[in-house]
Every structure is written in C-alpha cells, then in structure tokens.
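Here are my notes for you on this one, point by point. Keep the structure open beside you and find each spot as you read.

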Amino acid sequence: MNVENRRRLRVGVDTGGTFTDFVILDESSGEIDVFKVPSTRSNQSDAIVSGLANYLAGIDELADAVVFFCHGTTVGTNAILEGSGARTGLVITDGFRGVYEVGEQARGQGSVIYDLFFEKPRQLVSPRYTEEVLERITATGEELIALDEDSAKRAIEHLVRHGAESVAVALLFSFKNPQHEQRIKEIFSELAPWIDVSVSSDIAPEIREYYRMSTTVVNAYLNPLLSRYINRLDVKLREIGVTSDQRYIIRSNGGVASFSSAAARSVQTILSGPAAGVVTAQHVAALGGIENLVTFDMGGTSTDVALIRQGEPVRRMGGKVHSLDVLVPMLDIHTVAAGGGTIAWVDDMGVLQVGPRSAGSEPGPACYGRGGVEPTVTDANLVLGVLSGSHPLAGGALKLDLELAKNSILEKVASPLGISVLEAARGIIEIVNVKMQEAIKVVSSNRGYDLRDFYLFAFGGAGPLHGCQIAEEMGMKGVIIPPYPGVTSALGLLLSDIRHDFVHSDLVDLSTLAPSGMKSIFDSLKSKGTELLQSEGFNMGQCHFELAMDLRYGGQGYELTVGLPELPVTSDDLASLRTRFDQAHLQYTGHFAPDEKVEVVNYRLAAIASVPSAPISVSVSQSGMVDQAEIGRAEIYVGRKWENVPVYQRSRLPVNGRIEGPALILQNDSTTYLTSGQTAVMNDRGYLILEMSH
Amino acid sequence: MAVDPITSQVIQNRLSGIVQEMQNNIFRTGYSTIVRESQDASCMILDSEGEVVGEHVILPLHIAALPEVVKAIKKVYSGRIFPGDAFITNHPYVSGVTHSIDMAVVIPVFIGDALIAYCASIAHKSDLGGMVPGTGSGNARELFQEGIQYPPVKFMDQGKVVEEVEAILRANSRTPDVIMGDIRGQVGTGRLGEERLKEVVSRYGLEVVLETFSDLQLKVERRVRSVIASWNDGTFEAETWVDNDGIQLDVPIKYHVRIEKSGERILFDFSESAPQTLGPLNVRPPLVRGCCYYAMVAMIDPELPNNGGLARVIETKFRHGSVLDPIYPAPTNTYMASATAVTEAVLQAMNGLVPEKKIAGMGGVGGMVIGGKRKDGSSYVQYELIGAAYGARNGKDGVSGVSVLLDNAKTAPIEVLETEFPVRLRRFELITDSGGAGQYRGGLAVRREYEILTSKAQLTLRGGKHTEPAFGVDGGMPGRLGACIINPDSEGSRDLPSRFGGEELKEGDVLRIEKAGGGGLGPLSERAWEKLLGDVLDGYVSFQSAQSDYGADPEKLKSAIAAWNGEE
C-alpha cells in the first residue's frame, strides 16, 4: 500500500443501551461511513473494539490508519443507575455528618410532596464509611482548628480496614483554603496509595458544602470503574493496532478530554452521550450561518432538548443527574420522558395520559411483535400511517405489525375512552407533541428567548417524525434535519474541542474588585489549564481560553454566568461586566436593579484546544429530479381525514430538491414527516432545511 | 358544549406547563434567601370564581390559601378589577393567607372585558415589621404584633405601581429592598402566567378553555367521590398534641378530628380541638381544610390534582373560638406546628379508612430566626427552616433529616450562612437514637449548633415537640423530643421552649437546636436483625438502645460488630 494513499480515519463511537453507533470519517476523501453494532452490556469496550476491527478488515485497512478516536460512554450513568460503583468512603470535618446525610432536606417538587412512602435519593456512601477529622477552616479561609493528622490517620485506617476502594474528601470551606484536604490526600498516598482519592477542592471548588461534597462523592464512586474501563479500552485499541495518541472521551460540558483526564474526573462524563448531539448541532449551525437552534433528540424512551444561542450552547454550572446533585459544568440539556416507546394509558379519572413509562427496547412497542401489549407513541404513528409496516425501522431490523398496534390502542385507550382507534392514536400524538413543546419551552421561552428566532435541529430516530409539526406549532423559524438523524450524536464526537473547565470560588463585592486581583485569580486558573493541555500534548498555538464570572445581586442565592474577553482584564472590562450582568439579569428574569450591589461568586475559565475541523456532509447527487426520488404513496390520517401523500427516498433527493408537504421522506435510520404547507429543501451538504413563514 | 377528552388533556398539560414556568420564574427572580434557597413560594392559576385549576405543588397549604385570597379580592374590589391590576395581601383573617409574613400577589387575566382567571403566587418575606426581625414572633398575643396587616390592596393599578402602597410597604419593613425585590418578582411571575394563559386562549378558544377549567375540577370530584364510596362507612377519631402555645408553657394543645364517612361523603369535624391559644399557634379554617386536602391526596393518589374539585368534596366543621377557628385578632404566625399536628391527626384517623397507608408521628417542624446587627452596624436577618424526620411507614423506616408533610424547605448551606451572617456552625448531624424504635424505625432528627459572632442578636424559634413527642403506631415507640439549649454543657446553660421570640444572644453564645425524631411503627421485637445491626454500624441506633430497647443479645451484637471490624 502506497503511504501517500493511506486513509486517515477519524472514528467516533457512541455507546447506547441497545446499539453502539460508529461514524467514521476519512479525512483524505471527506467521506463518512456510518454503522451500528449491538452493544455489549458486560463491557462496552468489547463491541467498540470488535466493531472497529471488523470495519477495518471490511475496508482492507490497517488500524494505524485511525488518527483520531473519540468515544461517548454510558459507563458512568449505568453505574449510578445500577448502583455498581466503587465501595466509597467519605472524609469530612468533625461534627458535620449532617451535610451529606441531610442533603437538600427538601423532597423535590410535585407529587412526591404528597407521597408518604417516598425515599430520599440513595446515598452513595453509607455513614459507616464516613469518617470525621478534626480541623476547621473559616469563611475567610483562615485556619480555626489545625488539621489533627492523627485523626486523619485513624480515618484512613478505618476506611482501609473496611475495604474502601475510593474515597471522597470534602471539608468545610476547602474552596477557600484547600490545604487540609490536600494534606489528607498526601497522607492517603503515604498510607494507602492504592486508594483512589477525590478531593472536593480539586473536583468542584465552589461554595455550598453539600453540593461540593455530593459531586466529590459521585466522582469517587465512579473513578475506579471508569479508569478500569478506559484503561481496558486503551489497551485493546493498542492490541488491534491503533497507535494514535489522539484518544478522547466526550464529557457533559460538550468538550472532550484525553483518556487520562477523563478517567481522573469521572463525574464529568455522566452526561457524555447527549452532549455529543448538541455539539453536532452547533457545528452544523456554524457552517450554515445559523446562530440560533433548539436541539431536539427524540429517541425511544426520552427526548433531550438544548438551546444554542449565537452559536454557543447554553451551559449550566451544575444540577441533578439521575437525582444526584453534581456541581460540574454541563450543557444545559433538558430531558423529558417522551419518546417512541413511551406508553399511552387511561388513568383512574378517564384521562388519556402519555408516559412517563416506556416500553423500552424490550419488549418495545406493541407493533414490534416482541410481546409488548401496551400502546406506545410508535404504535400511534403506525396507525396514523406516518410509519409503515412496509418501511421497516432501524435499517430494516424491525418489521412493524399494524394489527398489533391497532389492538393495543383499542384495548388500552380507545375502548376505555369510548373513541375510535384513529382518534385515540391522533390524541396520543397530540399529547406527546405538547409534552415535547413544553420541554422546548423550558430551555427557551422560560429563559426569555423568543422561539421565532430559532430553528429546530431534529434528530434521534424519532426526531424528524415529530419535529416539523412541533416547530410549526411553536412558531419556530424552521427545521434542520441532518443526514443521519439516528447517529447524529456519534457525529458530534468527531467535532468536539478539547475542553477543561476550572473554577475559583470567592464571594466578594464586585465594586471592591481591582483588575489586578482578578488577573491573579484568572492567571492561576490559566496556568492550571495550560499545564493540563500541555500534558495532553497540545502546543499553545492550538489553545485558547474562555473566561467568565458567576455574579449575583447582593444576597441573592442564584448566580448568572457572564463571559469576559481574553486576559488581561482591564478596569473597562470590570465596568462593562457590571452592565452586562444587569442586561443578562433582565433577559433571564425580566427585571434588573442597576443600583443594587453586585457580588462575585465564582471565576471560571475554560481551557480549550481545537481539533482540526472535519467536513460533515454527505454527497448529494448534483442532478436529478425530486420526482425520481418518489418511491410510492402512503395513506396518512391527518386533520381527521385520510390523505394520500408521496413517499420519498432521502438518498435519491438531489441538491436544491424541494419537497412539498404533506410528504414522508424515508431513510434507513429515520422517517421525516412534512405536514401540509411545509417545504423542505435538500442543501448541498445533505441537510434537509425547512424555512417557515409565519 | 363538551370539550373532547384529548383537547381537555392537552390544555391541562398547557396549564401545568404555565404553572411550572411561573414557579421557575419566581425562584429564579426572587431576591431573598427564603424565596431562592428555601423555595418558600408557590404559584397557581385559579378560575374566575377563585378555584384552583392549575397547580404545581411546592407547599400544599399555599393551595388552600390562594382561593380565599382571590375570593377576598373579589369581595373588596367587586366591579373595580381591571386589566393590568396587581393585588397584594398578607391578611390571615380577611384573605385567608397562611400567616402575615407570607405575601400573596394576584394578577387578574382578562380576555376583552371578561375576567377569566387569576394568576397568583404566595411567597414568604424576609420582614414585614412586627415585634422581631423576621416579623413572626413566638411571643405575639395578637395579630397586630405579627407585622403590618395588608388587606387586599392594589399594588398596581391598570399597569402602574401605586406609589403610596409601595411607600407603606417600604416604611414597614426592616429589609425594604429585599421585600420589594421579591414582590416585583411575584408581579413579573403573575404577568408571565397572564401572557401564557392568553396564548392558550387564543389558540384553543375561550369557551374551550373555560369548559376545560370546569372539566378538570369535575373529573377530580368524581374520582374522589368514587374512591370515598369504596371505603368502609364509619366514624374515625384521632388526636395529636403540640407542646404549648409559646406563652402558657405548661398547657399542651389538643388537635382532635372526627371523620364521619358515609357513602361518597366525608366530613372532618374539628370541634373538639383545644380553645384558641393566647400565643400564635392558631390556624384559620381555610388552612385546616388544606390539611384535609393534603391527607386525601396522600391517601388516594399522590398524582391526584389538588384542584377545586377536591375542595368541593371535603366537608368540614369547626368550633368558633377554637385553635382551628380563632376569633380575630388572635395571633397565627406559628400556625405550621398546628397545621402539621392537624394533618397528623387526620392521617391517623384515616388509618381506619386506608389501613395499608399507616404512618407514625413526625418530628417537629418550624423555623428559626436570628436577627441583629453585624459588627459593622449593618442589620441582618438569618432565617432557616430546619428539617425534622418522618415517622415510620407500613413496611418502611421513617426518613431522616427532611422537611415533613406540608413543609418542603431546603436546608441553608453552612458556607453561605457563615459568609453572609455573623455566625459559625459547630455541628450539623443526625441524632443517634432519636428515631422512635419499632419494627420500622422512625426517621432521625437533626442537631445544629451555632456560635454567635456578634455582640447583639435576637433569637426567635417556631419549633415543636419539646414536650409532646412524635407518636408511635402499633407498638412502635415515640420519637426523641426536640430541644433548644443556649450554651449547652456549661454552667450558664439554659433550656428554651419550642416557641418563643426575642431571646437575647450575645457574642460567644452557643445555640444548640435539636429537632424531634419520628415515631416508630410495629413491635420492637419484630425489627429485622440485619436492619438493627445496620443501624448500629451506621450510628443511627446506639449499642445501648439496641440492647435495652430492641432486646438484642449483647454478645451476638458485639460479635457482629467485631466481624464488621475484621476482629474475629
């Protein structure tokens, strides 16, 4: 094989519950290959490595052609859901066991308040694995009680004796003064170097002890597992001959990190999967000159939505993930339990409900014929004719049975409500669409954004089926449907920059702040970022930094993050910071108070190294007629009557081909449903674009 | 005209979306620690009659208060309600507000000339005047000592702020900027709801929306009546006690309920409850009805919408002049202890109707306020709602360190408290052996210990269960009592009652608050060995208690502990 003609392959692998999705980009030709293999539950890396090896064999290529490998994993999420993390210990300030055991104290919102039989979210560390050490730092960071090293040693001995594999250390005010925590970490490395130690002043150095502690505990709980997983994957990739050091894991913030960085901060990977889809949307938007998008990833059990504004996805600095509190920067992804497999039922009051339960992939919707008897959103779509038994799902793997769908809707919904099967199916879709609209509002209009300025980026297996209708009803600007809706998340893995977030917490009055003081804090964050990126092999020419501050009005308990220009910070920057905070507050809350005192809570810095951009398009035929793409007609039930609509094969649509709705557009991994009056245009990179006029 | 079931459900989803959006908005835009961090605020949509049609539960009693508020506004302002108005009131008697430190803000929603609904919220304020910082004094003997009373008044008149009202509000608060910030946030939230509701009307049509309002209530009413009909007929009684009213410390207060259930009707008769109290323990009937709604939803289905349809079914009877139907101007600011006790009595009586949902008594609820001046002379109000514990439930231990029943406050972060206020925490922990023993153990209570770092501060406590413990059920033991001790373990140590106001604290004083534990359920001898051992290893039950209360064999226990410690 001629060296000059060797392929340079970028590999993105997104592991899901049922399938592992691969997107492989040949840098030299710009061509993309997409395929799925069944996931391996016992060790996700098996499917990844064998899938990759088989693919390479199939194209007669050696593994050293892989120049870049990026992975979205659910190992962390699964460990939390299954309770299979490490045996974890916790070291705290003497007298403060209540911080972790009480947690938030409140029970959440909604029906749980009435539920006399509720339980708190499971704690990852039990009290018998919680050890107190004598020490105390004050609110100003001074040492009130020196660290009693004997008590620390006793704590460590206790945890070692009881077989802790991993330990979280979270002391009061350690974000102000980390010395005691760091010293305890040192003692661990002297006495028990095999224990994985997570320290709160490293993992989440922010004010509010419970949230910092909970984050550190989650990190400790996942770290051993994730490091083992990543190590094994690393070794196996080498075994099959992948030599490139460019190996990454995507994290909740939408950035990627080297294998070793990801393994050390496992808490940052728990929203790995959904983040990648948002990254894809961001890049598509940038290429197409579209600044404002709502991403809409509708799968089998849930739908993830997120907002991209002026080309940047909205982030949040913490939140609940699987009911655990974590203080790590993440893309602000809102999830609603509404997907193709979501079950419709009639409650005790005779009211049609859709969700939150899902038939999942096993047994799946009734129409899958795998023993499911409860009607789902997919069954309703089949009855209405927008899905068809003759156009199977998931690349031909699934045949849909209309009779089973009809029967389940008749029995569970139509009969109890005394309406026809068709009306029941229409109702199921209408209700699930409303739920998804409410989810979209949560990330957009609830935060003061006007949906008329936003496109819907519809992907996931079911996104294109519901997206056009939803965008129309919400008065959005348009819809974008990417070439491979089903593997859009995996595509994002090839596009994500390396991103490390750093934070420094210090509650002070903004007006007392001098540029020099800010500069020294940001400089110290920047040198941490530089060090980490250099250790990952990046030269500083590839890197840049994003600065931001969390600000609030005096005494408020809620902060807004306001961006800053590059260093150095000047006094003009400080003045404009104040104004921009007022404006951000007005945007977000509807009011502002320019005369009130403003406080700084956190300093934030993201250290970013860019990956070389990849062309993300598919070849579209330059000539041909839309008519030639029409492969049949379908009867669909819309507006309480049957309508005969054309069915197109997406791969045959030519550049600039215009499709008028109502119409169905089929492809292996998804079906797009255009409603009456909508027009979709195929662009030259293979994206279907709908512009809406209102 | 009947709305089809699908459209009706779609509109219900829209209403619930609007209320959640309002709720997010009020937490997001609140200024005070109470609204933002403790989330002591609720939003609702009510129909033109003042019945709830859209709610998202934050604090269940707020749901009972707002219909009374709207009815009071309608009465006072009949014919003078206009688009752009915003009403405020905090009056427990005239408007049925929970207590006068809570402020209700109500926005009428008009379509054309027709007033079709109200978007309302109710939120705790940091200070509205009164005897002590934070307004609610445990020593209050009449309403007038519990802050300034605002009957329904217009804060905004057709889109313009009524400057006189704002001036009065500001002049009567120790923290004028904070309360005005919160009130503005509430008005903004109401306007948001108004705008969203109008969008729904323009989309689905006014008639359809109004029809859905009544449809939603009718469905709940029918469901509740049919569930009631499925229960056995009969009379069921229960009583619970609160330590005292904060004034007469040796007089426990009785809460009594007799439930008469017949067919699809249910009557809650509270007439045998204690006379009204001198101190501020009194609670007004609308809120007692709210306690009944709470218990009914808990017993029927936690997902049941708590709307006007449920309210229609509940029949209640009170004795005027009792603690549950006090005569104006009896004080009410520490009503939460009473409301919790009433709810527990109702739940206990309902054990006879729904025996599979038994629950033992709860640890005490209530707030704590420390107010005074920092060393730099600035004044501050530190308000906290410290969680308690759930009683044991059928088949489950109680939950430890949690807000109970009607209360749902978050804990205040220590690092925020110490940064903002002259105070240092010394301890924050669950109290060993505080959960009532039983086959199912009561939840453990919380201990918090503070050191005062300023020369002058006042303490107000609205606690409970310092003398009347959380009851056990079916052979389970009561929970540990609560306590409030100044300078514990020292010569000058003093025990304070569960409710008082204005206790002077000086620099260096140590304040220890211990909440009460939950009651146990079922015979102690039935406690599973693994659970008992687990409790001992986790420090929830002491070795001593495992032995003397539960009757564990000390040798077996010792060897099990040794085995855990690897010392076999």
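1. Let's start with a helix in chain A. Helix α13 of chain A, residues 463–473, is mostly covered, with ten of its eleven residues buried. Among the buried ones you'll find G463(A), P464(A), L465(A) and H466(A). Go on just past the end of α13(A) and you reach G475(A), which has a positive phi of about 70 degrees.

2. Before going further, a word on what you are looking at: this is a predicted model. Its scores are ipTM 0.93 and pTM 0.89. For chain B the average pLDDT is 92, and 98% of the residues score at least 70.

3. Now find the open sheet in chain B. Five strands make it up, in the order β14-β15-β20-β17-β18, and the pairing is antiparallel. Which strands stand at the edges? They are β14 (423–430) and β18 (494–496) of chain B; each has a single partner strand, so one side of each has no neighbour in the sheet. From one strand to the next, the twist averages 20 degrees.

4. Strand β15 of chain B (446–452) and strand β20 of chain B (510–514) are antiparallel and share five bridges. If you want one bridge to look for, take E451(B), whose partner in β20(B) is V510(B). In general, strands of a sheet pair through backbone hydrogen bonds.

5. Strand β3 of chain B (86–89) pairs with strand β6 of chain B (153–157) in the antiparallel sense, over three bridges. Strand β6(B) is also joined by two bridges to strand β7 of chain B (160–161), again running antiparallel. Look at M156(B): A86(B) stands opposite it, and its bridge partner in β7(B) is V161(B). The hairpin of β6(B) and β7(B) has two residues between the strands, and Q158(B) there takes a positive phi near 50 degrees.

6. On to the domains of chain B. The assignment divides the chain into domain 1 (5–221), domain 2 (358–524) and domain 3 (528–568). The C-alpha centres of domain 1 and domain 2 of chain B are 30 Å apart. Their contact uses 22 residues from domain 1 of chain B and 19 from domain 2 of chain B. On the domain 1 side, the elements giving two or more residues are α2 (33–38) and α3 (60–76) of chain B. Helix α2(B) gives the most, with four residues. By class, that side of domain 1 of chain B has eight nonpolar, ten polar and four charged residues.

7. How many residues of chain B are in contact with chain A? The count is 63, and they meet 56 residues of chain A. Several elements of chain B give two or more residues to this side, including α5 (176–204), α6 (206–230) and β14. The largest share comes from α1(B), with eleven residues. Sorted by class, the chain B side has 23 nonpolar, 20 polar and 20 charged residues.

8. Chain A has its own domains: domain 1 (3–79 + 228–246), domain 2 (83–219) and domain 3 (498–609). Between the C-alpha centres of domain 1 and domain 2 of chain A there are 37 Å.

9. Two loop residues in chain A deserve a click. R208(A) is not a glycine, yet has a positive phi of about 95 degrees. You'll find R208(A) in the loop between α6 (200–203) and α7 (209–239) of chain A. Is R208(A) buried or exposed? It is buried, because 21 other C-beta atoms lie within 10 Å. H322(A), also other than glycine, has a positive phi near 50 degrees. H322(A) counts as partly exposed because 14 other C-beta atoms lie within 10 Å.

10. Last, check the cis peptide bonds. One runs from G661(A) to P662(A), with omega near 0 degrees, and P662(A) is in the loop between β31 (658–660) and β32 (663–667) of chain A. Another joins Y328(B) and P329(B), with omega about 0 degrees.

Terms used:
Residues are numbered from 1 along each chain as its sequence is written. Chains are lettered from A and ligands numbered from 1 in the order in which they are written. This is a predicted model: local features need pLDDT of at least 70, side-chain atom pairs count only at pLDDT 80 or more; totals for chains, interfaces and linings use all residues. Two strands pair if DSSP finds at least two bridges between them. Axes are lines fitted to C-alpha atoms, for helices over the stretch in contact, and angles run from 0 to 180 degrees between N-to-C directions. Domain bounds come from an automatic or database domain assignment. Two residues are in contact if their C-beta atoms, placed from the backbone, lie within 7 Å. Ala, Val, Leu, Ile, Met, Phe, Trp, Tyr, Cys and Pro count as nonpolar, Asp, Glu, Lys and Arg as charged, and the others, Gly among them, as polar. pLDDT is the predictor's confidence in each residue, from 0 to 100. A residue is buried if 20 or more other C-beta atoms lie within 10 Å of its own, exposed if 12 or fewer, and partly exposed in between; C-beta atoms are placed from the backbone.
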